[in-house]
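Below is a briefing on one structure, arranged by topic. Please look at the sequence and the coordinates first.

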Amino acid sequence: MKVYFKNIYLAISSILIGMSITFRHMFQKKVTIQYPEQKLQLPERERNRLFVNMDDCIGCDQCAKACPVSCIDIETIKAVPGDIVGKTGTTSQGKKKALFVPKFTIDFAKCCYCQLCVFPCPTECIYMTDVFEFSTFTRSDLLYEFTDMTPEMAVEKKKKIEEYAIELAKKKETAAAAAKKPVEKKPEETQKPATDIEKET
Amino acid sequence: MDKFLLDIFGSELIKDLIIPVPLFAFVIVFALYAVLAERKVSAFMQNRPGPNRAGGRTGILQPIVDAIKLLQKEMVLPERADKWLYWMAPFVVFTGTLLGFAIIPFSSIYVGVDLNIGLFYFFAITSISVVGMLIGGWSSNNKYSLYGSMRSVAQIVSYEIPTALAALNIVMLAGTLSMQKFCELQAGGIQNWFIFGGPGGLSKVILIPFLVIAALILFISTLAEANRTPFDLVEADSEIVAGVHLEYAGMQMVMFLFAEYAQMFAVSGIVVTLFLGGWQSPFGNAIPVLNTPWMQFAWFIGKGLFFVFVQIWLRWTLPRLRVDQLMQLCWKYLIPIALVCVFAVGLYLVL
């Protein structure tokens, strides 16, 4: 009998306690963040969509090699001596650019946001931005192209380097008697105009 | 109201057709907005803002948007379901609930039908919705639906007993079963409400504790009859998915939902009528402005909505009972206590 009345007392008191708690919560401040209008401050080192600053990219392909899921695709064309790559031919830190980059795509459908591509970059041109809302309706829309070169430009530059190679081969034929190694000769030639540009600028 | 309409139209038939129209409109509007209220109250209790897109911050258009969405939905018939019974079940449930509204006294001038056996009729007619639940669960050809409907039947049938016993106290005190008579007897202010002993001499004070307990029992057991938490074993989303509603979609689902929310107000109306003075103003005739027939609507609906709020409040506070706990509560606690109350009130009346 004692247990019986104790049960009733316990039931009623616990219900009243619960109800008072829920009633108090009705007038408390709402904690919801109305997402598209209000946004949380992102953490300092958040990892979101990548961005490539093509002005600084030297086409070294190190980010593509570091990528564990191979989502970065880079194509490069060698610059002919005397040709200016990009606007100035150098990066913002004064590093010389010797390669045209007609294709620099990152497939964000594949990207795992590991940030491994950011560290090897010698010019710090690939980095994480704070953009995280880029959902699309088709997967192909997630393939981002970063290069500023048009396909026509790429064709032109390709032609140039091919012509230059033929020219070089002709020179080689004429200098065949000298029997010098063409491989050693080449870097000397590509370096020379670069130094000239540096002096000019 | 009856006489007034009879004077205007001069025909019994037209009067009888017009009388239920405001009732039906009230039930539909109430059911729609009770869903919003439920969502809002639950949101506030969880420190959320709740629906706040359709119709500004209050979400006032949310029910309309929901209704349009649900109306567009396909009515799905499960394979190997009993077609006729399956289509019928939601309507049986809703009809049972709606018929219960016929005797709810909204005001001294408006009640669907002032039956002299009103309360008895209510308990009888709301049991029809149990049949609808059983039909729905059985014809869905789904074991979870069947479990839900079996639980529903077991629960509602057992909780009829404490409901009836608790109501019996007032029936004995008032000596009537007519809902309008209950309200009329409680005239003259808050001290004359049946929860405070009804009209009578000083000796009624000894009745107060029994009647308060009876009111609580009536509220708890009608809560169980309306299948609300903590007695929502019928739906029990975490155990049997959604019980009877499981296979239903679109309008059929809406009928079940409407029935549930309408039932919430109906049982609140019963509690209010029996214990809290029905449409009587708590100030009695001391302030006559507050006791005009139109103010009585406001009093009755206000009191009813308060109990609906308490039901919602309880839902978002308490966890669900287990089946054995449910039966234990009914047979070991509510019925004996209700019997003690009936005995006490009977003794008081005899002496």
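Predicted model: local features only at pLDDT ≥ 70, side-chain atom pairs only at ≥ 80, totals over all residues.

Residues are numbered from 1 along each chain as its sequence is written, and chains are lettered from A in the order in which they are written.

**Chain A**
- Chain A has four helices and five strands, counted as DSSP runs (H or I, at least four residues, for helices; E, at least two, for strands), and their order along the sequence is α-β-α-β-β-β-β-α-α.
- Of its 201 residues, 30% count as buried, that is, under 20% relative accessible area (1.4 Å probe, protein chains only).

**Largest pocket**
- The largest pocket holds about 1,400 Å³ of space; a pocket is an open set of points on a 1 Å grid over the protein atoms alone where a 1.4 Å probe fits, with protein on both sides within 12 Å along at least five of seven lines, and lining residues have an atom within 4 Å of a point.
- Its lining numbers 43 residues, and helix 1 of chain A gives the most, with 11 residues.

**Second largest pocket**
- The second largest pocket has a volume of about 720 Å³, and among the 33 residues that line it are Arg39(B) and Asp66(B).
- Helix 3 of chain B supplies the largest share of this lining, eight residues.

Key:
Heavy atoms only, no water. Buried < 20%, exposed > 50% of the residue type's maximum accessible area, 1.4 Å probe, protein only. Points joined across faces, edges and corners; volume = space filled by probe spheres on them.
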